[in-house]
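Dear colleague,

Please find below the structure that I am handing over to you. My notes on what was found in it follow directly after.

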Amino acid sequence: MAFTRSSRPGSAVSHEKRNGDLGSGSRSEKAQKQWSLQDFEIGKPLGKGKFGRVYLARELKSKFIVALKVIFKEQIEKYKLHHQLKREMEIQTNLRHPNVLRLYGWFHDDDRIYLILEYAHGGELYRQLRKTGHLGERQAATYIASLTQALAYCHEKDVIHRDIKPENLLLDHEGRLKIADFGWSVQSRSKRHTMCGTLDYLAPEMVENKAHDYAVDNWTLGVLCYEFLFGIPPFEAESQTDTFRRIMKVDLRFPSTPHVSSEAKNLISRLLVRDSSKRLSLRMIMEHPWIIKNADPSGSSIALCVYVCVWIQFVESLGLDKRRCWIYTMATELLTPFVRLHFDLRAGFLETSGDRLETVAQSSSTVLKMVMPHSHGYLSMKLSETAVGLQHCLTK
């Protein structure tokens, strides 16, 4: 059990695939790429936790950028987290959703376990929230909609997350949200009894040690929506006992500042309901007027053209060629889906390339639509040619 905001016994341990005695994926051994440290070029450290470190890394053959999480076996054995880590790895390995951080694979040596994770360039949402204090309604609604879609996907697969919080949410280079930690998740169709998660986000039934189900995730969406808009969790108090008391009473108060719309408050109030059966369903969240009015359907809070312009400004400040930067950035974005496809095929993640064609088409189409209105002359002509060629390639 863990109630601290910033850590829990398994907080440095996350995600997985297979290549040893931890995890038991469903694919045949033939289909699995046998990874080793020699397959990667190791870059800068991205973070440090109780059980290991995370590094930026590049797979040598595909040049695909990943995050490599290194976990010390000694720590796993010391805290008896072998079963929890194995369960976490098994669950995340089988999840495929744009708002769930991918776990591509894993391998191990005598002392360490290495998890090959999708790299989220934007880092933790928690850092952004602490830096800005609170979020605007459009950005908050976009994140809540993305989370709702990801949780709906997880619940369809009988996965209850049980620890959604800003520290466990990452952002990619477009600002798209990713659920990044499944340490307390469980895959089950029956109600559970383990009290787990983080203090400020616990649902009343968990605080009271009652059986719980997927509705604890719906409660957490209400807590997060409140924190996004007001900058603090709704039931925060000076002591753990007081926080428990406020949660059980659903002592919900809305500060006068910052200004938050009545529609947003309505959504929060319909999620933070003591009776779990009466909480707003995930489908109803997506149909709520506040979500419809404010959320970006693409799930991206940063338009690609803005990302490109910021990058250009940075390159110009170094005295480099703006036109080369533009073309380089455009090419990088257009090629990213294909590099990821190559990596997935190498990892034995996909039977055929057809499994990713729809994703490739959507990603590349989005990039072209965003970049083309901001291009002129020769560049515009080449982009149009690329679009036609891409469409032909994907429909062959």
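How many disulfides does the count come to? The model is a predicted one, and the count in it comes to 0 disulfides. A disulfide is a covalent bond between the sulfur atoms of two cysteines. As for individual cysteines, C154 is buried at 1% relative accessibility, and C225 is buried at 0%.

The UniProt record, an unreviewed entry, places the feature "active site" at D163. This residue, D163, sits in the loop that runs between strand 7 (159-160) and strand 8 (169-171). Is D163 buried or exposed? Because its relative accessible area is 3%, under the 20% cut-off, D163 counts as buried.

H155 belongs to helix 4 (residues 137-156) and is likewise buried, with a relative accessible area of 16%. Leaving aside residues up to four places away in sequence, H155 touches Y214, D217, N218 and L282.

The aromatic rings deserve a separate paragraph. A search of the whole structure gives 10 aromatic pairs. One of them is the stacked pair of F40 and F107, with 6.1 Å from centre to centre and 10° between the planes. F40 is in strand 1 (residues 40-48) and F107 in strand 4 (residues 103-108), so the pair ties together parts 67 residues apart in sequence. Together with W35 and Y114, F40 and F107 form one aromatic cluster.

Yours sincerely

Methods:
Residues are numbered from 1 along each chain as its sequence is written. This is a predicted model: local features need pLDDT of at least 70, side-chain atom pairs count only at pLDDT 80 or more; totals for chains, interfaces and linings use all residues. Side-chain values use heavy atoms; hydrogens and water are left out. Helices (H or I, at least four residues) and strands (E, at least two) are DSSP runs, numbered from the N terminus. Buried means under 20% relative accessible area, exposed over 50%, partly exposed in between (1.4 Å probe, protein chains only). Contact means heavy atoms within 4.5 Å. UniProt positions are given in the numbering used here, feature names are shortened, and annotations may be inferred rather than shown by experiment. A disulfide is a pair of cysteine sulfur atoms within 2.5 Å. Rings of Phe, Tyr and Trp (its six-membered ring) pair if their centres lie within 6.5 Å; planes under 30 degrees apart count as stacked, over 60 as edge-to-face and the rest as tilted.
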